[in-house]
Structure formats: structure tokens, C-alpha cells
Amino acid sequence: MELEIDIRTVAVEATRTPASDASARALAFARLVDQQLDATYRLAAVILGDRVEAEDAVHDAALRAWAGFAGLRDDARFEAWFGRIVVNVCRDRLRARRRGKVVDLGPALLAEIDGRVQTPDESVAVAERDAVSRAFDRLSPDDRIVIALRYWRDLSVDSVAVRLSIPVGTAKSRLHHALQRLRAELERDGWHQR
Amino acid sequence: MTRPNDEAFDEVVRGGLATRDPGMAPESLRRRIASISEATSSTDRQRTSLRRLGSIAGLAAAAAVGLVFAGLVAVRWVGLPSVGSAPTPTALPAGIQPVWPPLVPGSPSGPDLRPIIVGATIAILFAAVWIVRVRRTRRIRQLVAIALVVMFACLLGVETLYTPIVEGSVGGPIEPADRAVDPDPVSGGKPVAYVDYRSGGAFQIGFSIRNNGPLAVTFDGVGDVLALNDFRFFRFVDLRLPRDQTLAMGSTDDTTQAFRPVDLAPGADLYMVARFRFTTCEEANLPVVPGVDAPETDTSQGYMSIGSIPIRSHALLFERITDLSIPIAAAFPQPTRCAH
């Protein structure tokens, strides 16, 4: 009788252990994603130029990350790993667009500032930022990503290379050409240096 | 236009990107993210198991195809004699009179594509498994599944429809000595050769087949010989291969050998000898259907065409049967009474 009780106890423990492990991993995943959520959402929004699509992209990235979370042995690498997934999801979404979707932020900005008086300098600055945003929307997915990582995320070129899993030289070259194309797009719109 | 210097341009870019920054993640997104691990943690082990099963199944499929490929290569390199390259002619044994004209073996029209097809299939399977493991999106899985289904449907279609075995260039009786006549409309325009009926005797027919497709084909033998045995006056005995395909004639055990499966290169001919035995008079007059009397035979000469022989072969994996019309019609006087 005593032996029977022991066996039952062991059986209960054996069934509990994997479930509790799974719960612990789920909690760890939720905590790690939450730490990165703002940064990744903002990065996705900058790259995609659409808040709603950025939400969907981060959600998709989180789904992918959860699917592969069991294979991530070191939680300290989660930030770079998850960031890479987000960037890849953004790239996929941009490539899925048959034509570059141009989100014109000009009217939105004008509506925001409509209620207050602007100085001439402020108006020019707003128009310039608007022009940059529109030119940015016309870039290729890879150009957008490398510029966003470097100039919005403020990553070093080395970090950009790590994030994109490309050599540093390639990252430098890709950034250089992306900026050239952005400048060309701006100039095509009649942008002039202030 | 004056271009701004790099630093100034950097600031312009930063300012432009800042307008796209939406700020903190909305609460709705936080809830969506939180629900991912909560909803899926309970089924995580099941999904992991399924994923492992899928990987194992994929690897098993690839291994199975690999084994088949290895088997094909091994059989091709070790086991089967391959026809398609011209063997050295040998002298005909003394006393054997050729009935067929000298023959020229078919020259291969192209390389054997079977290893390429099988190798490509293995490569595609490995690539599919790799892609599914690396890019674990639902869309990728769907695309890979569709691609594999289409690929296997194509292979199955080719397997089903591919019938490259055709009649060869020659065919005719070998022995006993025959009386060949001009093409006769009764025999469908084929040259008719009379084979004298001899109760319990034997006669042989030589014919060739050709691999008319781009893939090498393994010729496995004849199919259902019962169809051949439907003829009341003779029985199919066996199939033999001439020892010398360049001569492809003669009928004795010296000039032929027992049949064994042969690889036929694309465009190659294979010559063979089919041996038949005349039925005895009593067998010939047995009722075909038990209980029903045999039809009364007349005394005139009649035709008894061999018709077609079912050829059994396979090009990749599956066996196929090709009904091959033998380009002759044997004819002989039908016996009316059994002479004892």
C-alpha cells in the first residue's frame, strides 16, 4: 500500500514538471517581449509608416518569436533576436506591398498644428520633415530598414550589421547607398537645403 | 542646388523619421501580445511534438527517396546489363542459319535522366524541410506544401502516362523454316509467315522493342501470359535474350540466354526471342469454356495472329504494362482430326 502511494506521488510530480516549465517559459517570454514592446513597435512604425500595420507586424513577430522561443537558450540575447524578427517581418510586409504604399503624413501634421500659430521657420521645418517621410516611403525595404536602424534607433554601423546579419562593410555600403537614394528622392521632390 | 553636408543631412533624416514615431505601444497591442503566450502555453508541447513529427516525417521521406535512388544507382551499376552501346559482334555458331537480316542496335539518343530526376527530387525535399524549419510562417508552409503536392502530382502523372516502349524494327519467326508471304489484309497488313502446325512441337518468334522516351527504362519481362495462352493452338513457354544483340538471331541455347531484366537506354533497341509450344491435337480441341463444346474446325488454313504481348517495364518507381503488337502474324493449317 505504501509503495502504491509513492508511485502515485512520483506520477503526479512527473506530470506537473513539464507544465510548470511551460508556464515559466511563457511568463519569461511575456516579460521579455514587454520590455522590448515600445522600442520594437516604434521601430516598426517608423519603417512601415503605418501605426496599425506596425501593431500587426509586432504581433506577427511575437508569434514567430514564441514559436522559436524554446530554441533560445540565452535570454540575454532576446533583444537582438526579437529585433531581428521584427525587422524581417517588416521587410516581408513591405515586399508584400505590390507598390510602395505612400502614407502622406502632411495632412495629419497640418491638422495637428492647425490650432496653433507657426512661425515661418517652424512651417519650413515641418514641411521638410514631411518631405523626408514621404521620400522615405518610396525607398526599398532594405533601404528603409538600414536607415531606420541607424538614424532612428541610433545603432552604430557595427550594431546594424549584427542586427541585419550582414558584414560591417556591407552595412556601411548599404547605408551609404540608401542615404544617396533618399537624398535623390528628396531632390526629385524639389527639396532644397535651408 | 547646394547639397547639405553629411551632418546636416543626418539631422534632416532624423527629423523626418521622428515624425513617423508613434510613441508608446498602445494598450491593445500589449493585450494581443500577452495573449500569445497565455493561449499557446497549454498547447506548446503538442505543437512541439507535431513539429518534431513533421521533421521526422520529412527526413524519413527524404531518406526513403535516397534509398530508392541508391538502389537505382546500385542496380544500374552492378546488377543489370545495359543495352544501348554496341557490343562487339561475334561469329554465329556453325549450323545456325539467320532468318532475320543483320541488325544494327539502336544508338542511345540521350543521357539517362533518371538519376537527375531522383536527385532533384531529393534536393527539393531537403530544401522544403529546410525552408519550413527556417521560415516558420504559415504562408511558407502552405507554399511548400502546395509546391510538393504539385511536384508529386507531376511525377505521378509522368509515371502514369509515360509509356516509352514501342515496337522495334524487326520481328519474325525464327524456326521452323517458314514461308513468308507478302503483307496480307487478313493479318492487318503485316507480313504473314506460315508456321506449320506440329502437334506438341515448338516454334520461336524473334522481335525487338525500342525505348522511345528520354528516360532509361528497365525491361522486366512479359506481363500476363494467360492472355497469350488463350490461343488454342500454342502456349507461350518463355522469353530468351540473344547473347549477341548485334546479330540478334538464332534460337538455340548457344545463341540465346535465359531472360533477365535489362536496362534500355533512351533510343535503344532490345532483341529477344519468344518461345512457344504447339498444343497437342487433343488440347487444341478441348473446349475453351468447360462444358461448352469446341467449335468445329474446318480443314482450310487459318491465321492465328500472336496479336500483342504485354511488356512489363518500369522507368522510375512504378511498373507499367505496354501491350506491344508483334509485327507478324503466324498462320498454320488448323487440324481437324487428331491422328493417333
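A: Let's begin with a term: a residue is buried under 20% relative accessible area, exposed over 50%, and partly exposed in between, using a 1.4 Å probe and protein chains only. This is a predicted model, where local features need pLDDT of at least 70 and side-chain atom pairs count only at pLDDT 80 or more, while totals for chains, interfaces and linings use all residues. Residues are numbered from 1 along each chain as its sequence is written, chains are lettered from A and ligands numbered from 1 in the order written, and side-chain values use heavy atoms, leaving out hydrogens and water.

Our part is chain B. Of its 340 residues, 41% count as buried. The chain has 7 helices and 14 strands (DSSP runs numbered from the N terminus: H or I of at least four residues for helices, E of at least two for strands). Among contacts in chain B with a separation of 6 or more, 79% join residues 24 or more positions apart (contact: heavy atoms within 4.5 Å).

Now find helix α4, residues 114–134, which holds B:Ile131. Because its relative accessible area is 31%, B:Ile131 is partly exposed. Together with B:Trp130 and B:Val134, B:Ile131 forms a nonpolar surface patch of about 310 Å² accessible area (patch members have over 30% relative accessible area and no salt bridge; nonpolar side chains, Val, Leu, Ile, Met, Phe, Trp and Tyr, are joined within 5 Å, and like charges within 9 Å).

B:Asp10 is buried but has no salt bridge, and B:Arg14, the nearest side chain of opposite charge, lies 4.8 Å away (a salt bridge needs a Lys or Arg side-chain nitrogen within 4 Å of an Asp or Glu carboxyl oxygen; Lys and Arg count as positive, Asp and Glu as negative, and His and the chain ends are not counted). Leaving aside residues up to four places away in sequence, B:Asp10 touches A:Tyr151 and A:Leu179.

Finally, visit strand β8, residues 256–258, where B:Gln257 sits. With a relative accessible area of 26%, B:Gln257 is partly exposed. B:Leu241 is 16 residues from B:Gln257 in sequence, yet their C-alpha atoms are 5.3 Å apart. Not counting residues up to four places away in sequence, B:Gln257 touches B:Arg240, B:Leu241, B:Pro242 and B:Arg243.

How values were computed
Accessible areas come from the Shrake-Rupley method with a 1.4 Å probe; for residues, only the protein chains shown count as cover.
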